[in-house]
Amino acid sequence: MPPDETDVRLRERLVAGDDDALAEAYDRWANLIHVLAARITDDAAAAEDITQDVFVRLWQAPEAYDPERGALRTWLCMLARSRALDWTRRREARARYHAVATATGAVVPDQPDVDDAVIWRTETKVVREAVQALPDLQREAVQLAYYHGHTYRQVARELNIPEGTAKSRLRLALSNIADRLAAEGILER
């Protein structure tokens, strides 16, 4: 089966660093990714984090997606599924660890995998700070799109602005967030 031309063009735009391509991919598949992650993890916060992680991965390494091997939608779902299963395994391992430690009377630290927990918390904190540091108009758009799962059209309706303005605000916000994450050494630009 030949590759989907839409996916091929979207990948080319992502590789070229086109912020609109990321917004387009997000609008098309963020809800699907979030629902998939939530179904596997049964945890809304984890699903949000996984959705964010999947699109950060797409932005950071769009060349990792090969249109010859399948649709972009499928590749994003595979990333989300993998991350959700990893998250679920870590949660189950923590639960087993706590159960064994409790049964043996051992002291149980808050997180058995301290390094991962520290990295996760630090990155989450930096992202939240980057969002909070955005200008008000950009932050409103990001919160609606990324925290509440709205498409750019829904963001435009909610904020009573033209769709092009909503896209522009989201694009600028993502660029500002990426700049901040790059400055923190979390993201390469």
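Modeller: The expected span of a helix is 1.5 Å times one less than its number of residues. This is a predicted model, and in it helix α6, residues 136-147, has 12 residues and reaches 15 Å from its first C-alpha to its last, which is close to the 16 Å expected at 1.5 Å a residue. Within α6 the buried residues are Gln 138, Arg 139, Ala 141, Val 142, Leu 144 and Ala 145. An α-helix has 3.6 residues a turn, so residues three or four places apart point the same way. After α6 comes Gly 149, whose phi is positive, near 70 degrees.

The packing of helices can be followed in α2 (residues 19-41) and α3 (residues 44-60), whose axes come within 8 Å and cross at roughly 145 degrees, in a crossing that is right-handed. On the α2 side, the residues making this contact include Leu 22, Tyr 26, Trp 29, Ile 33, Ala 37 and Thr 41, while those on the α3 side include Ala 46, Ala 47, Ile 50, Val 54, Phe 55 and Leu 58. Sorted by class, the contact of α2 with α3 has 16 nonpolar, 3 polar and 2 charged residues.

Thr 41, which lies in helix α2, deserves a separate word. Thr 41 counts as buried because its relative accessibility is 0%, where the cut-off for buried is under 20%. Leaving aside residues up to four places away in sequence, Thr 41 touches Ala 46, Ala 47 and Ile 50, and also Ala 84, Trp 87, Thr 88 and Arg 91.

Terms used
Residues numbered from 1 in each chain as written. Predicted model: local features only at pLDDT ≥ 70, side-chain atom pairs only at ≥ 80, totals over all residues. Heavy atoms only, no water. Helix = DSSP H or I, 4+ residues; strand = E, 2+ residues; numbered from the N terminus. Buried < 20%, exposed > 50% of the residue type's maximum accessible area, 1.4 Å probe, protein only. Axes fitted to C-alpha atoms, helices over the stretch in contact; angles between N-to-C directions. Left-handed = near helix turned anticlockwise from the far one by under 90°. Contact = heavy atoms within 4.5 Å. Nonpolar A, V, L, I, M, F, W, Y, C, P; charged D, E, K, R; others polar.
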